[in-house]
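Let's take a friendly walk through this chain, from its overall layout down to individual side chains. Keep the model open beside you as you read.

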Amino acid sequence: MEETEEISVAEEKVVDISLKDLAEKLEEFARARDWEKYHSPRNLLLAMVGEVGELSEIFQWRGEVDKGLPDWEESDKEHLAEELSDVLLYLISCRDICGIDLGEAATKKNCEELVKYPPKSLAERR
């Protein structure tokens, strides 16, 4: 594959990618750089916490932000997307190294929350 073709493939917008696919890409990335030895649960968690800090800085002095970020510059939205991605990628790596099925765990947690916090009846909403 030519270099220009590789770049265009990398720039394609991914519509839907699974956690498994992302985990495989992350594992391949770390293996190619011999970084696996640094990917302990503790190290990945601390790296993710650092990224959450960077994510928090984006919102730190903005006050409340409207849904959809209508008043944000495109560059600010791109920065937000980068930091959210960093958090997600570390979360996936941590999940992988700990052997947790995050889809199953999240589904179970959601079911527990549905039982714990049932929807209010129409009368209770008024």
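## A charged pair to begin with

Let's start at Arg 31, which is partly exposed, with a relative accessible area of 44%. This is a predicted model, and in it Arg 31 forms a salt bridge with Glu 36, with 3.9 Å between the closest N and O atoms. Glu 36 is partly exposed too, its relative accessible area being 39%.

Side chains of opposite charge can pair when their charged atoms come close. How many salt bridges does the count come to? The count comes to six.

## The overall layout

Now step back to the whole chain. The chain has 126 residues, and buried residues make up 13% of them.

The accessible surface comes to about 10,500 Å², and carbon and sulfur atoms account for 54% of that surface. Among contacts with a separation of 6 or more, 66% are between residues 24 or more positions apart.

Helix H2 covers residues 19-32. What span should its 14 residues have at 1.5 Å a residue? They should span 20 Å, and the end C-alpha atoms are 20 Å apart, which agrees.

Leu 22, Ala 23 and Ala 30 are the buried residues of H2. Seen down the helix axis, these buried residues fall within an arc of 100 degrees, so they line one face of H2. An α-helix has 3.6 residues a turn, so residues three or four places apart point the same way. The buried residues of H2 pack against helix H4, residues 74-98. If you turn to the other side of H2, you will find Lys 20, Lys 25, Glu 28 and Ala 32 exposed.

## Ser 93, a buried residue of H4

Ser 93 lies in helix H4. Is this serine buried or exposed? Ser 93 counts as buried because its relative accessibility is 13%, under the 20% cut-off. Leaving aside neighbours within four places in sequence, Ser 93 is in contact with Leu 26 and Leu 44.

## The largest nonpolar core

In soluble globular proteins, nonpolar side chains tend to be buried together. Which residues form the largest nonpolar core here? Its seven residues are Met 48, Leu 55, Ile 58, Leu 69, Trp 72, Leu 80 and Val 87. Helix H3 (41-59) and H4 are the elements that give two or more residues to this core, and H3 gives the most, with three.

Not counting residues up to four places away in sequence, Leu 55 touches Leu 80, Glu 83, Leu 84 and Val 87.

Most residues other than glycine have a negative phi. Which way does the phi of Asp 34 go, positive or negative? The phi of Asp 34 is positive, near 60 degrees. Asp 34 follows H2 and lies in the loop between H2 and H3. With a relative accessible area of 45%, Asp 34 is partly exposed.

Leu 69 also has a positive phi, near 55 degrees. This leucine is found in the loop between H3 and H4, and at 15% relative accessibility Leu 69 counts as buried. Leu 69 is also one of the residues of the largest nonpolar core.

## More salt bridges

Asp 76 and Arg 62 meet through their side chains in a salt bridge, at 3.3 Å from N to O. This pair links distant parts of the chain, with Asp 76 in helix H4 and Arg 62 in the loop between H3 and H4, 14 residues apart. Asp 76 is partly exposed at a relative accessible area of 25%, and Arg 62 is partly exposed at 35%.

Another salt bridge joins Asp 96 and Arg 95, whose closest N and O atoms are 3.7 Å apart. Asp 96 is partly exposed, with a relative accessible area of 36%, whereas Arg 95 counts as buried at 14% relative accessibility. Elsewhere, salt bridges that share partners join Glu 27, Arg 31 and Glu 36 into one network, which brings us back to the pair of Arg 31 and Glu 36.

Methods:
Residues are numbered from 1 along each chain as its sequence is written. This is a predicted model: local features need pLDDT of at least 70, side-chain atom pairs count only at pLDDT 80 or more; totals for chains, interfaces and linings use all residues. Side-chain values use heavy atoms; hydrogens and water are left out. Buried means under 20% relative accessible area, exposed over 50%, partly exposed in between (1.4 Å probe, protein chains only). Contact means heavy atoms within 4.5 Å. Accessible areas come from the Shrake-Rupley method with a 1.4 Å probe; for residues, only the protein chains shown count as cover. Helices (H or I, at least four residues) and strands (E, at least two) are DSSP runs, numbered from the N terminus. The expected span of a helix is 1.5 Å times one less than its number of residues. The arc is that of the directions from the helix axis to the C-beta atoms. A nonpolar core is a set of buried Ala, Val, Leu, Ile, Met, Phe, Trp, Tyr and Cys residues joined through side-chain atoms within 4.5 Å. A salt bridge is a side-chain nitrogen of Lys or Arg within 4 Å of a carboxyl oxygen of Asp or Glu.
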